[in-house]
Amino acid sequence: MKILHTSDWHLGNQICGRKRYDEHEQFLSWLLSLINREGVDILIVAGDIFDTTTPPNRSLEQYYQFLARAAGSSCRQIIITAGNHDSPSLIAAPRELCKYLNITVVGQVPDDPEELITILKDLDGRPELIICPVPYLRDRDVRTMQAGESAGEKAANLIEGIKARYHAIGSCAEKMREEMGDFIPIIATGHLFAAGGITREDDGCRDLYLGTLASVGADAFPSCIDYLALGHLHLPQRVCGNDRMRYSGAPLPMGFGEAGQTKSVLMLDVRDSRNMSVKEIPVPVFQQLRRISGAFEEVLKELGRLKMEYSPALVEVILEDPRIIPDASERIRTTIQGSPVEVLKVKAQRISAQAMQPERAEESLAGLSPEEVFHRRLDAAEIPKEERQELLESFHEIYSELLEEDTNSE
């Protein structure tokens, strides 16, 4: 059988306030054509279907239209799990209806691991695949809070909780396999940060637990899992070099830090648990992103070249210039008038010694992370350095709980 692994669609995502509905529509159409062309049997989407827990209606429409079309394709089963950006209740709400379309949706992990496991059968009713669709494991799913825990103890308990969850699920799946046949493949999903994972600046990967990217070692996953389909990291990559533990990566670049990166989905060709191959299939570029840096005249020259190419592109400009050029943004945008090139962001990164101090007046709140805002507030209140660690830990924990709150669950 053929299994297609993808994740991190982030429907509803914007770049510098610019909506991306057309890009997402093109990706979903391309994905559907790939499914039909390759005769894909199973589609796995490993979390972060949406960019926020309250996605716009147009993104919801794109999602459900895709599911309806994919259910009528060669796909015999579609597996969808919630990521840390998703609302678990929103993802799980249509699960009873989805069952009739052979779509399994999992918003959050149940207490009984057996409830999570799906057994797929061939046309003759014989078991051919065991799937363990594990969504993003929220802090409360895996960690028992203890009074007086240090930050290190919290992180260690969290990782142990994730490991315990996966091993309980794996043990249940392995028992099922022993009852049905030794060579039935076990496929599991996950949405987490694995040890050694690679990220890029501005790639949209949100910190997961307590304000940190708690990294989970490969030993967290039981050896009975024949393929682990992961989401959360936006660059396609292997876990510790293991070809059967893979991130498919996001199909669209999430920011200018990913400009020029090749995006992909993963195709598994499965005969049984011993015979399995994986290949990356590049995703077409639906909207070119460019990052241009240099002195003011160099930037203008490069923008002029892009204008002559007359190829649509979204551009971030980083000015590396010792001079203060008051009308720089206006002159930059004038340079590309009459072309499909659009400059969305201009950042001044002065390199003279006198300009190394932060230019607070030029900053906007949108350009700062919540943690940076909190640090600024600590500075403004003149909180001593020795008192900050406890405050930061409390901030991280509260902020993490806010991000995980499923506001539309009731």
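Pocket first. I checked which element gives the most to the lining of the second largest pocket, and it is β6, with 4 residues. I'm working from a predicted model, by the way.

I then looked up the whole lining and got 20 residues. Nearest the centre of the pocket lie Arg95, Lys99, Thr104, Val105 and Val106. By class, I noted 10 nonpolar, 7 polar and 3 charged residues in the lining. For the volume of this second largest pocket I wrote down about 490 Å³.

Next entry, the helix pair. Two packed helices are described by the angle between their axes and the distance between the axes, so I looked up both. For α8 (residues 296-309) and α9 (residues 328-335), the angle is about 25 degrees and the axes are 9 Å apart. Angles under 35 degrees count as roughly parallel, so I put α8 down as roughly parallel to α9. I also noted that the crossing of α8 past α9 is right-handed.

Which residues of α8 and α9 meet? On the α8 side I listed Phe296, Val299, Leu300, Leu303, Gly304 and Lys307; on the α9 side, Ala328, Arg331, Ile332 and Thr335. Sorted by class, the residues of this contact come out as 6 nonpolar, 2 polar and 2 charged.

How values were computed: Residues are numbered from 1 along each chain as its sequence is written. This is a predicted model: local features need pLDDT of at least 70, side-chain atom pairs count only at pLDDT 80 or more; totals for chains, interfaces and linings use all residues. Side-chain values use heavy atoms; hydrogens and water are left out. Axes are lines fitted to C-alpha atoms, for helices over the stretch in contact, and angles run from 0 to 180 degrees between N-to-C directions. Helices (H or I, at least four residues) and strands (E, at least two) are DSSP runs, numbered from the N terminus. Angles under 35 degrees count as roughly parallel, over 145 as roughly antiparallel, 65 to 115 as roughly perpendicular and the rest as oblique. A crossing is left-handed if the near helix is turned anticlockwise from the far one by less than a right angle, and right-handed if clockwise. Contact means heavy atoms within 4.5 Å. Ala, Val, Leu, Ile, Met, Phe, Trp, Tyr, Cys and Pro count as nonpolar, Asp, Glu, Lys and Arg as charged, and the others, Gly among them, as polar. On a 1 Å grid over the protein atoms alone, a cavity is a set of points where a 1.4 Å probe fits but cannot get out, and a pocket is an open set with protein on both sides within 12 Å along at least five of seven lines; lining residues have an atom within 4 Å of a point. Grid points are joined across faces, edges and corners, and a volume is the space filled by probe spheres set on the points.
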